Amino acid sequence: MGTKSVRAPRDVWKKWLRVAVLGACTTLVALLLWGSLGGDDSITEVLAHRSEVLPGRFIEASILDLHSGALSVGKHFVNLYRYFGDKIQTIFSEEDFQLYRDLRQKVQLAIAQAFGISASLLHLTKPTFFSRINSTAARTAHDEYWHAHVDKVTYGSFDYTSLLYLSDYLDDFGGGRFVFMEEGANKTVEPRAGRVSFFTSGSENLHRVEKVHWGTRYAITIAFTCDPDHGIADPTFT
Ligand SMILES: O=C(O)CCC(=O)C(=O)O
Ligand SMILES: [Fe+2]
């Protein structure tokens with residue numbers, strides 16, 4: 001079926017995990033803090049500080065597209081980069097984006113190695129996003145993440161999908177396993193913080209995510225295309 005699962009280095013996923021843990025308190029704040037907390041910072045202090053700059057209505061966000069800055073807020077999208085303008089630098093730092101680039105590169109190399117292709121043939125493609133799922137009811141069809149689908153159909157340009165999980169199945173949330181739908185033998189991936197799963201994005205990998213019954217599940221999706229015309233540069237905010 002063309003799937004592999006590898007672990008990201010501890011230091012990388014720990015940094016991402018920090019975001020996920022914070023997210024249990026206030027989702028969007030956690031997303032925005034992405035990796036920006038220093039090891040000694042008091043989490044509550046930083047959260048309190050960051051919360052001041054974030055309007056309350058962002059709290060229900062469930063997807064943040066790092067390339068475009070689109071953030072889902074209920075039924076709508078808000079462009080975070082446009083909303084904050086220059087002030088985005090008080091929320092994200094260059095190190096955060098460097099962390100993303102390092103991660104993207106590691107995943108790209110791992111995919112190339114696993115599938116026996118040259119990493120230079122893979123191009124980052126959009127959307128590339130954080131997702132947060134909890135058990136609150138879906139408000140739009142767009143929120144119905146649990147349907148079986150083929151990523152190539154859903155996203156168009158995906159040839160290889162990768163998922164980095166940022167929270168732990170059964171510790172942080174219940175339900176929410178990733179299921180490859182194979183006739184007679186569904187295979188599941190149990191999300192764990194730091195676990196990276198990747199697979200080819202075509203109909204050979206029809207899949208779905210189980211409904212999350214409790215807690216909050218965080219993941220980041222990074223996908224690659226073999227078509228240079230559909231490639232995008234790494235996200236930046238400058
Ligand atoms: O979060 C996951 O485990 C997978 C989500 C997914 O299938 C998708 O966004 O296409
Ligand atoms: Fe998918």
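G231 is partly exposed, with a relative accessible area of 30%. Buried here means under 20% relative accessible area, exposed over 50%, and partly exposed in between (1.4 Å probe, protein chains only). G231 sits in the segment after β13. Its C-alpha atom and that of D143, 88 residues apart along the chain, are separated by 26 Å. Helices (H or I, at least four residues) and strands (E, at least two) are DSSP runs, numbered from the N terminus.

Before going on, keep in mind that this is a predicted model: local features need pLDDT of at least 70, side-chain atom pairs count only at pLDDT 80 or more, and totals for chains, interfaces and linings use all residues. Residues are numbered from 1 along each chain as its sequence is written, chains are lettered from A and ligands numbered from 1 in the order in which they are written, and side-chain values use heavy atoms, with hydrogens and water left out.

**The iron site**

Now for the metal. What coordinates the iron ion (ligand 2)? The donors are H149 (NE2), D151 (OD) and H207 (NE2), at 2.1 Å. Donors are N, O and S atoms within 2.8 Å of the metal (3.2 Å for Na, K and Ca); water is not among the atoms, so sites may look incomplete. Along the sequence, the donor residues follow the spacing H-x1-D-x55-H. H149 lies in the loop between β5 (123-133) and α6 (151-155), while H207 is in strand β11 (residues 207-209), so this pair ties together parts that are 58 residues apart in sequence. Both H149 and H207 are buried.

H207 also has a C-alpha atom 9.3 Å from that of K187, 20 residues apart along the chain. K187 is in strand β9 (residues 187-189) and is partly exposed, with a relative accessible area of 42%.

**Around ligand 1**

| Side chain | Distance to an oxygen atom of ligand 1 |
|---|---|
| Y165 | 2.6 Å |
| R217 | 2.7 Å |
| H207 | 3.0 Å |

The protein covers 91% of the 300 Å² of accessible area that ligand 1 has on its own; such areas come from the Shrake-Rupley method with a 1.4 Å probe, and for residues only the protein chains shown count as cover.

**The nonpolar core**

Which residues touch the most other members of the largest nonpolar core? Of its 32 residues, they are L64, L66, F92, I111, I220, I222 and F224. A nonpolar core is a set of buried Ala, Val, Leu, Ile, Met, Phe, Trp, Tyr and Cys residues joined through side-chain atoms within 4.5 Å. The elements giving two or more residues to this core are β3 (70-73), α4 (80-84), α5 (94-115), β5, β6, β10 (195-200) and β13 (217-225). α5 gives the largest share, seven residues.

I111 has its C-alpha atom 9.7 Å from that of S197, 86 residues apart along the chain. S197 belongs to strand β10 and, at 2% relative accessibility, counts as buried.

T128, in strand β5, counts as buried at 0% relative accessibility. Its side chain reaches the backbone oxygen of T221 at 3.1 Å. E210 is in the loop between β11 and β12 (212-215) and is buried too, at 14% relative accessibility. The side chains of E210 and R177 are joined by a polar contact of 2.8 Å.

Most residues other than glycine have a negative phi, and most peptide bonds are trans. L170, in the loop between β6 and β7 (173-175), has a positive phi of about 75 degrees although it is not a glycine. The peptide bond from K126 to P127 is cis, with omega near 0 degrees, and P127 is found in strand β5.

Conventions
A polar contact is a pair of N or O atoms within 3.5 Å; within protein, one must be able to donate a hydrogen and the other to accept it, and residues adjacent in sequence count only if both atoms are side-chain atoms.
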